[in-house]
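Here is a short note for a first look. Please keep the sequence and the model side by side while reading.

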Amino acid sequence: MVQRARVTYKPIYPMQEHRWKVASATDFAEALDKRDKVDLLINSAGSISHLPNRRDVRLFLDQVKKSLRPETGVAIISVLTEMLHGPEGKTELGGSDSPVEHGMGELILPCQDDGEGLSGSWRKSPTKVIWNEDKTVRTDSFYVELHTDSKGTVAWREDLDWSLAVFDEKAWAEDIGGAGLEIVEMIPEGDGHERFYVLSNPQ
């Protein structure tokens, strides 16, 4: 992601200095230059749900507190609409071969020789969805394979998975207060895919 950001980023001003860094959501304050404060912190695309344990959410909010400039700084936190509630209907526990809502099915793309003599087609499997027993955490997974001939010979494969926690509004409000932050505004999801929370650091 950082490599892509470096390639696609175009500064507004030619002399503008920009640095990209990689850090954990639960320990990113240490990555700031001289532990400086920031004016704007954005947690986009529902990334907060990728912290399935409440302890990690609290650690994240502690980092927001440490990083955000007091009084004037704001943090914008996105929550995906689909994670505001648990699974609807009689969703079975355990595995399901049904694709994720809105269609994340199989994908096949051509693969050209990258200089290592491998070519053929990339194949992504349909996304598999698993809910935990109390339906508070969803795990999505799929695999990617490189097929090198019409017989389906697999030259390379990688399995990918990630977890998403159902958003707990009560716990969220408690943890924000516990971190010494305040909710300035909540922008409702309406017909969109995200809800936004605007946080401030009062001290």
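This is a predicted model: local features need pLDDT of at least 70, side-chain atom pairs count only at pLDDT 80 or more; totals for chains, interfaces and linings use all residues.

1. Residue numbers start from 1 along the chain.

2. Pairing of β3 and β4. Start with strand β3, residues 107–111, and strand β4, residues 120–124. The two run antiparallel and share 5 bridges.

3. Pairing of β4 and β6. Strand β4 also pairs with strand β6, residues 137–147. The sense is again antiparallel, over 4 bridges. Here the bridge partner of Arg-123 is Glu-145 in β6.

4. Surface patch. Which residues form a nonpolar patch on the surface? They are Leu-107, Leu-109, Trp-122 and Trp-156. Together they have about 370 Å² of accessible area. Trp-156 belongs to strand β7, residues 154–165. Its relative accessible area is 37%, so Trp-156 counts as partly exposed. As background, side chains in a regular strand alternate between the two faces of the sheet.

5. Thr-127 sits in the loop between β4 and β5, the latter spanning 128–131. Is Thr-127 buried or exposed? Thr-127 is buried, because its relative accessible area is 1%, and the cut-off for buried is under 20%. The side chain of Thr-127 also makes a polar contact with the side chain of Lys-124, at 3.5 Å.

How values were computed: Side-chain values use heavy atoms; hydrogens and water are left out. Patches are made of residues with over 30% relative accessible area and no salt bridge: like charges are joined within 9 Å, nonpolar side chains (Val, Leu, Ile, Met, Phe, Trp, Tyr) within 5 Å. Accessible areas come from the Shrake-Rupley method with a 1.4 Å probe; for residues, only the protein chains shown count as cover. A salt bridge is a side-chain nitrogen of Lys or Arg within 4 Å of a carboxyl oxygen of Asp or Glu. Buried means under 20% relative accessible area, exposed over 50%, partly exposed in between (1.4 Å probe, protein chains only). Two strands pair if DSSP finds at least two bridges between them. A polar contact is a pair of N or O atoms within 3.5 Å; within protein, one must be able to donate a hydrogen and the other to accept it, and residues adjacent in sequence count only if both atoms are side-chain atoms.
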